[in-house]
Amino acid sequence: MMLTSKASLRLTLLASAIFLVACQPKSDPKESEDQQKPAVVEQKPVELTLKGETVPSKVTLPDCDGKTCPEFTVERLQSNFPFIDKIIDQQVLKALGQILEIAEPDAKAAQADKKTEASAAAATEQQDSFDAQVQRYANSFIDLDNELKALSSNHQINLLVKPKIIQSQGKVVTVVVNSSSYLGGAHGSAAQQYYNFDLKKEKLVKLEDLLRPEKKAALEKLAHEAFKAWVTDSKLANSVSEYEQAWPFKLTENFLLGDQGLILQYGEYEIGPYVVGLPRLVIPYGQLQDVLKEEYLPQPKAKPASAPAVKSAS
């Protein structure tokens with residue numbers, strides 16, 4: 001009888017255990033899979049950015065003290081895109097060449113340096129370095145200052161060439177090379193040259209790269225209309241036709257994609273006398289929809305999502 005009771009007790013305990021296990025909530029297989037999978041974070045494409053600073057060229061100038069000491073300042077760009085630095089270096093030297101003339105290296109001195117192939121290679125590398133080339137222009141600049149002072153001139157001559165990043169992001173980034181000089185003449189001189197780059201393709205972007213096929217004539221027509229408006233608004237002549245007899249319109253390759261439109265930058269004496277300075281013509285983007293490629297037009301800003309209407313309590 002006791003054995004029968006013990007057996008009954010065991011069966012009762014076993015049945016209770018099975019009942020408790022059966023009552024436990026079952027986990028959803030989909031929920032388990034979701035917990036095991038890591039959350040996928042949507043990553044936005046990283047926009048390339050041009051970063052850098054300008055540093056002065058390492059040139060040697062003679063000591064000078066007084067109000068008529070010559071001022072020679074040349075800077076170069078050091079950025080996170082070496083191909084841009086190389087192009088800007090070349091353009092800084094080009095700007096110097098448009099302001100100053102430099103003498104060719106003395107033939108005897110060059111021959112003396114060519115004692116061995118190694119020394120010749122070293123001399124060539126030194127001569128071709130950026131700072132070495134700038135130094136040659138600095139020497140020419142100082143020679144000019146000495147000549148002017150020998151003529152009892154009290155003028156203070158100066159020269160400045162400096163690049164600057166003005167657009168660091170977007171389809172096109174832009175670096176401007178500003179230059180100015182006064183070399184003892186009736187007045188000084190200035191220039192502003194823009195260089196536009198595609199960071200993804202690592203290439204210099206020219207004006208023709210912006211245009212849709214066979215649209216240069218259309219751009220030239222729009223630019224000519226902007227030129228006429230500029231002549232009229234500036235009251236430069238009695239009529240545009242009269243003005244163009246002396247200063248005919250021409251399309252420049254010096255451009256900048258501005259906030260409001262395509263900016264065409266001109267230099268001194270390109271489309272007007274010295275008194276007009278550095279003229280610029282602006283063609284609004286609204287007039288360029290069928291002229292510029294779509295990627296170079298301003299992208300419409302996304303409209304913010306409207307908040308759901310809140311129902312008033314009745």
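Predicted model: local features only at pLDDT ≥ 70, side-chain atom pairs only at ≥ 80, totals over all residues.
Leaving aside neighbours within four places in sequence, Q135 is in contact with K58, V59 and T60.

Helix 6 itself is worth a walk from end to end. Its 21 residues should span 30 Å at 1.5 Å a residue, and the C-alpha atoms at its ends are 31 Å apart, which agrees. An α-helix has 3.6 residues a turn, so residues three or four places apart point the same way. Just after helix 6, S152 takes a positive phi of about 65°.

Six strands form an open sheet in the order 1-2-3-4-5-6, and their pairing is mixed. Strand 1 (52-56) and strand 6 (203-205) stand at the edges; each has a single partner strand, so one side of each is left without a neighbour in the sheet. On average, neighbouring strands of this sheet are turned by 30° against each other, direction ignored. F197 has L204, in strand 6, as its bridge partner.

Helix 3 (residues 82-99) lies across strand 2 (71-79), strand 3 (158-167), strand 4 (173-182), strand 5 and strand 6, and runs at about 160° to strand 2. With 18 residues, helix 3 reaches 26 Å from its first C-alpha to its last, close to the 26 Å expected at 1.5 Å a residue. The residues buried in helix 3 are F83, I84, D85, I87, I88, D89, Q91, V92, L93, A95 and L96. These buried residues pack against helix 6 as well as against strand 2, strand 3, strand 4, strand 5 and strand 6.

A disulfide is a covalent bond between the sulfur atoms of two cysteines. The count for this model comes to 1 disulfide, and it joins C64 to C69, with 2.0 Å from S to S. The link of C64 and C69 is left-handed, with -90° about the S-S bond. The two cysteines fall into separate accessibility classes: C64, at 45% relative accessibility, counts as partly exposed, whereas C69, at 13%, counts as buried.

Some totals complete the picture. The protein chain has 9 helices and 9 strands. Of its 314 residues, 31% count as buried. Among contacts between residues at least 6 apart in sequence, 61% join residues at least 24 apart. The accessible surface of the protein chain comes to about 21800 Å², and 53% of that surface belongs to carbon and sulfur atoms.

Definitions and conventions. Residues numbered from 1 in each chain as written. Heavy atoms only, no water. Contact = heavy atoms within 4.5 Å. Helix = DSSP H or I, 4+ residues; strand = E, 2+ residues; numbered from the N terminus. Expected span 1.5 Å × (residues − 1). Pairing = 2+ DSSP bridges. Axes fitted to C-alpha atoms, helices over the stretch in contact; angles between N-to-C directions. Disulfide = S-S within 2.5 Å. Buried < 20%, exposed > 50% of the residue type's maximum accessible area, 1.4 Å probe, protein only. Areas by Shrake-Rupley, 256 points an atom, 1.4 Å probe, with all protein chains shown as cover.
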